[in-house]
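This briefing covers one protein structure, grouped by topic. The sequence and coordinates come first, followed by the notes.

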Amino acid sequence: MWRNYLTIALRNLQKRRGFSLLNIFGLALGMCACLLILQYVAFERSYDTFHPFGKDIYRLRLDAYQEGRLAWQSATSYPAFAPTMKRELPEVVEACRLHDVEFVMTNPANNIKFAETKGYYADPAFLKMFAVALLSGNPETALTGPDKILLSENTARRYFGRTDVLGEQLLIKDPNFTQTYEVAGVFKNYPANSHLAIDYLVSYGTLAKIVAQIWGDTTNATETAWGWYDFYTFLQLQEGTDVEAFKQKFPAFVDKYPNATYIERKINARNDIDIIPLKDIHLYSNVNQEAEVNGDGRAVSVLLLVAFFILAIAWINYVNLSTARSIERGREVGVRKVLGARWGQLLRQFLVESLLLNGIAFVLALVAANLALPFFQKFTGKAIPSDFLYQPQFWLLALGVLTLGSIFSGLYPAFVLAAFRPVSVLKGALKHTTGGISLRKGLIIFQFTATIALITGTLIVFRQIQFMRSQDLGLNIEQTLVVHGAQTIVDSLYEDRFEPFRNQALAIPGVQNFTASSSVPGDEIYWTNGVRVVGQGEQAPMYTLFNIGVDAHFMDAYSLKLVAGRTFSNEFGIDKEHKSLLINETAARSIGFAKPVDALNHRIRRGRDTLTIVGITSDFHHQGLQKAINPVAFLFYPDRRNYYSLKINAENPQNTVAAVQQLWSSSFPDDPFEYFFLDDFFNQQYQADVQFGRVFSLFAMLAIIVACLGLLGLASYQIVQRTKEIGIRKVLGASTGGLVRLLSSDFLLLVVLAILIASPIAWWAMSKWLAGFAYRVDIEWWIFAVAGLLAVMVAFATVSVQSMRAALSNPLEALRSE
């Protein structure tokens, strides 16, 4: 019997090829879009899920409160936390720390050198906790002791051309030291779906050695410090630990170690701690000093919802297209019933056809998704693996969803067809209930509600991105060539090499200005200090300022405006002695001055130093508009060498870069020349939002196409039902335009109802999304009007095709058919 069902289903597909192709195309398009989104979502949600102990690993977070309010949160914390928590909290079975490390690394055998930025000083426990796969080296000793380094496969090949490099030597240069590190092992390239990007790991003991030798530390700060919050701290808990109960121990723990939380009760300042699961960091953590730019859990959830909508729209199309063709199959049903076919047999027959159509569409969607994946990867900027489509859990999910979807989408057409009365069918008098028509109209409204919401969301996403990119930042980042500063020259020799380089660089025809600084716009500021205003008593509140070390040319080079006071100059002794600072307007307000200019000439305590505020700058966006403007302090440190910013002429920038590179090679031969243009660098902060906008708009367009196929199906169904009416109206003199308007008006009314439903839903959803931006656009009424107008235009174009065909048909043929 089932073989007979399948044979009949295949014959029907061949008999109605146009209908079958349209149905399969709609289903395959919807399924392909869904598969691509699911791969994207699966990749985003796969971050840090590959660790064997990942479900028990948590990262510590530091929360700073000042004046009883949350001032900032940091992904890094103090180095003393890890050993202390492991020692005193029984739930912690292991703990490790990472501290980022950047330097110029050279292979002395072939003089290959690179400026490295993707690595960490790592505790020995890191290898075991994170199950780092060593290709060579002993995991028990690879990170013990000083001057040892582990390389990824790719890093080893860059320097040596091979991976069997155990015991090789690498020369490390930093402004403070020159060291030789032994390659203690090579590990497999760290997975891309990790919140950590790791090209190399340096033994934690190396950091302790540097702190002792270079800084003169005698307190074992890398183990005992409670005030150096630059360490990523990971805790591995006992399997089955009640995490909420564990977190309840934190208040007592920090009270036992007051220095751990910087408690100053008399000024109401305190740092608290919290933990976040390892697997949640990528999508749900966006605090200061994140190891890498993380994803957006809200955006991923929205795309998952979009996938559901597109698949639902595709299945709704099947319902509408199938019922639209039900009249053509009426006689078949009547004859089969007269010959003894039971209702249940007919129902199974039509469900088999639904499963067959969905199955063919699914196979085509799989092929299309695989073919489209390379383009989708380029489109999203994500290295999305294709292995998701070959995992057992995917096939179980796909088969389950496909079967249920095929059954539910096939049930209504099957019920409609199987319920035809043979006498009525064979007489040619099919009557359909209003309820059936209402259901189909309701499905069309659902389709266009989802589509209009997607169009509205797309408009708002791109408007927000355009808003962020076009806003005045408060400083000028255009035509700015930024070169990573020289790192291999020791401090005592730096000035003698730097000043000639600066002067010669300014002599290059295309260079207009030059400044050195510890940070540039778009680069997160890690250098912070707590300050108090002098003269406000012992209970004066403490505030955090974000520091940028600059030279005397920074304000002019970046066109940063002064509100009051002066800029730095070598002519002032207070500047050369590091006893002065400039602050922005936000900083002036944050330390208690309602009018920023009133902060001028006030003194502040910064650690053991007292500094005088000699200037107030206007506020500016040091980071993207996703984040609020921080209270910034400018400190006069002309020897800061993190970045050199060169303002260049817009004409022939390539020639200018080449001239600067030539000068660099002669001035700093041991440092690689690495540069970027600041506007491109700054806009990288919006890359995740741009990618989200691209993906969102792509699938909004696909949703429109699929929804239009459903509208086409309903239009076809309705016009067939009104064939006699159309013929009579034409005989009585109705014009073609009048008939098109008549036939289109009912469908356009459905779209208008969808606009009314979709608008508040889209407003609510996008308001939630925009809440994640410190500076954002308003959702204005015209956005909904534009989305609605687009939907109406697309719907009218779709329906008018069928309406025009009906209006131009011969009325005699229509009346004869009745």
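Helices (H or I, at least four residues) and strands (E, at least two) are DSSP runs, numbered from the N terminus. By that rule I460 lies in helix α16, residues 434-470. This is a predicted model, in which local features need pLDDT of at least 70 and side-chain atom pairs count only at pLDDT 80 or more, while totals for chains, interfaces and linings use all residues. Residues are numbered from 1 along each chain as its sequence is written, and side-chain values use heavy atoms, with hydrogens and water left out.

**Overall**

- The protein chain has 27 helices and 24 strands.
- Of its 818 residues, 53% count as buried, where buried means under 20% relative accessible area, exposed means over 50%, and partly exposed lies in between (1.4 Å probe, protein chains only).
- Among contacts (heavy atoms within 4.5 Å) between residues at least 6 apart in sequence, 80% join residues at least 24 apart.

- I460 is buried, at a relative accessible area of 1%.
- Neighbours within four places in sequence aside, I460 is in contact with M766, W769, L770, I779 and I783.
- The C-alpha atoms of I460 and E780 are separated by 9.4 Å, although the two residues are 320 apart along the chain.

**Nonpolar surface patch**

- W781, W782, V786, L789, L790 and M793 make a nonpolar surface patch of about 640 Å².
- Patches are made of residues with over 30% relative accessible area and no salt bridge; like charges are joined within 9 Å, and nonpolar side chains (Val, Leu, Ile, Met, Phe, Trp, Tyr) within 5 Å.
- W782 lies in helix α26, residues 781-807.
- With a relative accessible area of 33%, W782 is partly exposed.

**Salt bridges**

- Side chains of opposite charge can pair when their charged atoms come close.
- The count comes to 23 salt bridges, each being a side-chain nitrogen of Lys or Arg within 4 Å of a carboxyl oxygen of Asp or Glu.
- K55 and E239 form one of them, at 3.5 Å from N to O. K55 lies in the loop between α2 (17-45) and β1 (57-66) and E239 in the loop between β12 (232-237) and α8 (243-247), so the pair ties together parts that are 184 residues apart in sequence.
- K55 is exposed at 53% relative accessible area, and E239 is exposed at 66%.
- D274 and R61 form another salt bridge, at 3.4 Å from N to O. D274 is in strand β13 (residues 269-277) and R61 in strand β1, so this pair ties together parts that are 213 residues apart in sequence.
- D274 is buried at 19% relative accessible area, whereas R61 is partly exposed at 21%.
- The side chains of D296 and R298 meet in a salt bridge of 3.2 Å, N to O. D296 is partly exposed at 23%, and R298 is partly exposed at 35%.
- One network, joined by salt bridges that share partners, holds R61, D63, E244, K247 and D274.

**K647, a buried lysine without a salt bridge**

- K647 is in strand β23, residues 643-648.
- K647 is buried and has no salt bridge; E478, the nearest side chain of opposite charge, is 8.1 Å away.
- The K647 side chain makes a polar contact of 2.7 Å with the side chain of T480. A polar contact is a pair of N or O atoms within 3.5 Å; within protein, one must be able to donate a hydrogen and the other to accept it, and residues adjacent in sequence count only if both atoms are side-chain atoms.
- Beyond four places in sequence, the residues in contact with K647 include N476, I477, G510, V511, A557 and Y558.

**Positive phi**

- Most residues other than glycine have a negative phi.
- D147 has a positive phi near 60°. D147 is in the loop between β7 (134-136) and β8 (148-152), and is buried at 16% relative accessibility.
- H578 also has a positive phi, of about 60°. H578 is in the loop between α19 (573-576) and β19 (580-584), and is partly exposed at 32%.

Definitions and conventions
Areas by Shrake-Rupley, 256 points an atom, 1.4 Å probe, with all protein chains shown as cover. Lys, Arg positive; Asp, Glu negative; His and termini not counted.
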